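Dear colleague,

Please find the structure below, followed by some notes on what was found in it.

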Amino acid sequence: MTRSPSSSPRSVAASQRHWLELLRRARASDEPFSAAALYPHASEQQRRCLEPRLFGARRDRLLLASAAFVAPAVLERLACLVDDATQRTRIARNPAAPAEALTRLWCDGARTSLAPLLARHPNTPRAILAELGEAAADLDTLCALCENTGSSSDVLATVEQRRIPVLQRLLAVNLATDGATLMALWRATDEEAVRAQILLHDHCPDTLLQTLPASPLERRCLARHARTPAALLARLAGDADVAVRRAATANPATPIAAVVASCFDTDEAVRRTVAARRDLSVTLAACLADDVDDWVRRVLARNPACPTYLLERASADPVLEVRRSVARHPACPASLLDRLSRDAATWVQAAVAYRDDLPLVVLRRLARSTDVDVLAGVGRNPMTSTSRLARLAVHECADVRRAVILNRQTPRAILRVLRQDPYPLHRALAVDHPNLTDADRWRMREDPDVQVRYRVFHHFAWRLGAAADPVPADAMQHEHHPHPAQEKMETI
Amino acid sequence: MSGILVVGEHRKGELRPVTGELIGAAVALKAATGEPVRVAVIGEAPERYAEALKLEGVDEILTVQAVVDAFDPEIYEASVRALIAAREPSLVLLPHTIDTLGYAAPLVAGDGHGFATDVFGIARDADGWVATRAGYGQKVNVEVDFPGRETVVLTVRPGAYKPVENAGAPSVAAIAAPTVTPRSQHLGFEEPAGSDDVDIPGSEFILSIGRGVGEEDNVEQFKELADAAGATLGCSRPIADSGWLPKARQVGQSGKTAASCKLYIAMGISGSVQHMAGMKHVDTIVAVNTDPEASIFTIARYGVVGDIFEIGQELRNHL
Amino acid sequence: MKILVTIKQVSSLDEDFEIREDGRDVDPDFLLHDLNEWDNYSLEEAMRLKEGPGGDGIEVVVATVGPDSTDEELRKCLAKGADRAIRVWSDELEECDAIGVSRVLAALARKEAPDLIFAGVQASDHAFGATGMAMAGLLGLPHAAVVAALEYEPGGKTAMVRRELEGGTYASVRIDCPAVLTLQLGINTPRYASLRGIKQAAQRPIELLDPASLGMPSDEIGAAGSLSRVRRMYVPEKGRAQMIAGTPAEQAARLAQIIKEFRGEA
């Protein structure tokens with residue numbers, strides 16, 4: 001999508017008119033979110049006009065401070081205007097708060113109370129984290145630093161030297177902790193929980209991965225490590241402890257030859273694990289295909305390594321979930337899909353309906369179902385015909401209608417019906433559909449639901465704001481992500 | 001007006017455990033205030049419950065004969081009114097249970113007693129009885145008092161007090177049953193159907209998964225985990241929309257409401273308004289999420305910041 | 001016939017809020033308002049009867065006690081198909097507990113003389129669970145609390161209700177009508193208002209009454225008609241989620257303990 005669909009003088013004039021209308025509506029709105037949607041794309045002067053609506057009332061400042069879906073520019077400005085501790089706390093907790101806003105909070109001198117929150121925030125600049133690592137005296141802040149994957153390994157190394165047991169755990173978990181710090185941790189503690197976690201860490205020094213630990217927890221962690229030597233993994237696959245055997249069996253680094261015995265393990269949890277291995281040989285798959293435990297059979301039937309002839313057998317399994325697994329197998333042959341689409345259980349039929357590689361005859365058969373799970377699959381299926389989608393778009397079950405909205409192939413005419421759906425979430429999702437036109441979206445600008453309006457305003461803000469002004473720097477990101485993450489929008 | 005009156009609760013011929021907890025609360029208050037403790041039981045043959053109520057600290061057991069043993073709101077209302085008239089207590093403790101919901105409010109609204117529900121703290125100071133309850137979805141505690149009320153009726157949150165274990169030797173007296181013409185009729189109890197059908201509204205324990213599971217094949221391990229934990233597997237909307245779990249398992253505004261749920265474990269669910277609408281009322285919510293600021297933590301009683309696969313795998317080893 | 005559905009505008013809190021200066025409530029800047037979740041189900045149940053067999057003549061009246069901001073919730077009900085909306089308010093009602101509210105609603109019900117009254121089991125903010133049943137007591141009407149299923153033929157002399165008890169047990173009860181029922185979540189599937197319904201509801205009148213016009217004596221209004229008084233509100237020490245610390249193995253062990261406690265094994 002491009003920001004300016006056409007640059008003819010008439011369309012520029014229309015765009016400007018639309019943009020001004022949105023600005024007017026946002027300022028007159030009874031909520032601050034419409035203005036928040038426009039703010040990042042507004043000119044300096046327009047921003048000043050929006051600010052009273054956005055930040056004038058404390059109630060609205062509080063709302064915006066904790067809104068994780070608003071643009072960084074809004075939070076950055078808000079951070080300069082906040083006038084009480086709660087607003088600051090809310091911004092410091094807000095995952096959308098940009099580095100500039102967090103720096104502002106840091107510089108405002110509210111260091112003590114906000115320190116743990118800033119120490120934990122993934123956008124806090126490294127320099128501030130380093131300062132916190134040096135200076136922090138309270139445990140909360142240090143914990144937060146150790147939990148922050150944005151902390152540099154140097155900061156974590158500094159914190160490690162404090163030798164605080166609670167922190168040792170967190171350091172052993174943090175992905176950013178480097179090998180040297182882990183080694184120092186290992187030497188500093190003999191606590192099982194910490195050592196186990198070190199053995200699990202990506203940066204665990206090789207030297208620690210060479211010997212068999214005494215405790216089952218540590219053996220379990222060693223058994224999960226990608227760099228544990230194959231010979232050791234083979235021994236762990238035969239460990240006396242079930243959880244250790246399970247872990248070793250699940251580890252792709254354990255040679256398949258070492259887990260043959262796992263196929264006959266007395267514990268079904270181990271057999272289930274081996275059935276999930278992607279490098280399962282046909283012979284081993286055959287050993288597991290008739291396992292008495294139906295979880296083993298259902299895991300196997302989903303495994304891409306499971307050969308077709310075994311799928312055939314599994315498709316007649318008495319357990320529904322095993323048959324469903326067959327229908328979800330990436331290479332399930334068309335003949336089996338055809339059979340499974342006539343399965344007695346609708347949940348098995350539904351598994352077929354969600355596949356993109358269906359013969360049309362199968363899809364048509366499924367479309368005649370009355371089950372909502374099956375119909376939702378049909379509604380989402382890119383092969384489903386327009387006439388069928390039109391019928392599903394007016395289905396009484398909201399889940400089925402939503403499936404049609406989520407189908408990227410749904411044509412505009414049907415989306416125009418769904419744009420009127422009573423369920424606000426559906427209208428919000430419809431705004432983002434690529435086949436809806438801007439003319440259609442424009443007509444949704446007065447939607448009664450705040451979340452729908454926010455999406456409409458947000459959509460037009462990056463298109464029209466640019467038409468009225470030079471392209472702001474962050475607009476380039478929108479070229480790649482024309483729409484915000486959907487789950488964030490739901491939190492209004 | 002003095003004394004503490006506890007009204008016991010029974011179902012299908014058995015005293016419910018909350019009765020013991022109320023006695024525990026009353027006996028503790030007796031220690032602090034010196035007020036005698038009386039325990040009443042209402043039923044078809046109420047004497048048969050008396051033995052189990054002879055607990056340390058109880059001064060008197062009162063029985064009220066009723067035409068049916070099963071709960072009837074009007075019989076209970078009239079009986080408790082008669083008990084209050086007979087013993088003139090300053091404090092009446094009722095269990096905050098579904099049966100009590102049906103008669104306590106009509107009783108006090110008519111008779112003008114002080115009243116608070118779902119109370120988990122009780123004290124007495126210069127202003128009289130003071131009760132503590134929660135407000136705004138458990139986010140605040142609220143202290144209430146009852147100016148000018150001679151009798152205060154409180155419904156007490158189950159689990160808030162420890163039951164009395166030791167036996168005592170209270171006297172037993174019968175209070176004359178009031179005449180009531182019930183306008184509703186108990187027809188019988190129904191147990192939940194033990195079918196394999198997914199029953200999100202009827203389930204007391206739900207383990208629910210969200211976007212955090214990442215891909216369809218990962219759903220299987222959480223199904224297995226839920227089975228092992230004895231939980232019903234639920235999910236957030238995106239999981240059901242992807243066809244990974246049936247719509248019947250979807251919790252939230254567009255799905256089912258976890259109406260009977262007591263323990264809800266949310267794994268990899270960030271907590272959209274949409275999802276929380278279906279479960280935020282649950283007593284004990286445990287949230288597991290990698291993001292320490294996920295909204296789900298704002299309604300959770302317990303939070304675990306961590307990877308759901310790690311936690312799930314480790315949890316599996318305990319079940 | 002007429003069904004009265006009583007509703008409430010509830011308030012919820014985001015994290016990080018402040019208590020009002022007098023210490024008796026939360027600073028209103030922090031309160032977010034919405035229709036009580038239970039009330040969606042009560043209204044739907046009334047609409048279900050109205051749209052079901054023999055429901056042609058049913059009038060669904062929604063009523064609430066609250067300041068003008070509460071109109072928003074009444075309009076949501078009108079948008080879903082309620083026939084009339086009534087709001088009762090006066091400044092004295094500010095200091096009302098649940099019983100104080102039920103006195104107002106009872107006075108309104110005497111005036112409206114409905115054949116059935118539905119209320120939510122409780123409200124999501126303060127969870128008193130008292131308003132509906134107190135109203136029944138004041139009106140002297142038969143009542144049942146926590147109704148999970150209702151069978152009623154419009155105009156019938158009795159209704160069959162299924163009350164949801166602890167532990168998933170249900171009690172079946174036949175009840176004389178008119179009656180007051182408090183309805184449980186999940187009794188039905190609440191609808192969403194259509195865009196047209198929302199538009200029309202914005203234009204519909206909301207009947208505004210005050211306690212005096214309902215003939216309520218002054219000793220029943222507001223604080224005088226309430227049975228409790230808020231002395232103090234405060235944030236409990238464990239306000240936020242209790243975070244389970246440690247390595248994943250340790251966290252999982254604690255989680256397992258919580259599950260076992262729930263199952264009564266520990």
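In these notes, contact, or touching, means heavy atoms within 4.5 Å. This is a predicted model, in which local features need pLDDT of at least 70 and side-chain atom pairs count only at pLDDT 80 or more, while totals for chains, interfaces and linings use all residues. Residues are numbered from 1 along each chain as its sequence is written, chains are lettered from A and ligands numbered from 1 in the order in which they are written, and side-chain values use heavy atoms, with hydrogens and water left out.

I begin with one residue of chain C. C:D71 sits in helix α2 (residues 71-79) of chain C, a helix being a DSSP run (H or I) of at least four residues, numbered from the N terminus. Because its relative accessibility is 18%, C:D71 counts as buried, a word that means under 20% relative accessible area with a 1.4 Å probe, protein chains only. Leaving aside residues up to four places away in sequence, C:D71 touches C:R87 and C:I206.

The next topic is where chain C meets chain A. This contact takes 23 residues from chain C and 24 residues from chain A, and together the two chains bury about 1,900 Å², 53% of it on carbon and sulfur atoms; buried area is the accessible area (1.4 Å probe) lost on putting two parts together, summed over both. Between chain C and chain A there are six salt bridges, each a side-chain nitrogen of Lys or Arg within 4 Å of a carboxyl oxygen of Asp or Glu. C:D27 forms a salt bridge with A:R58, where the closest N and O atoms are 2.9 Å apart.

Note on methods:
Helix = DSSP H or I, 4+ residues; strand = E, 2+ residues; numbered from the N terminus. Buried < 20%, exposed > 50% of the residue type's maximum accessible area, 1.4 Å probe, protein only.
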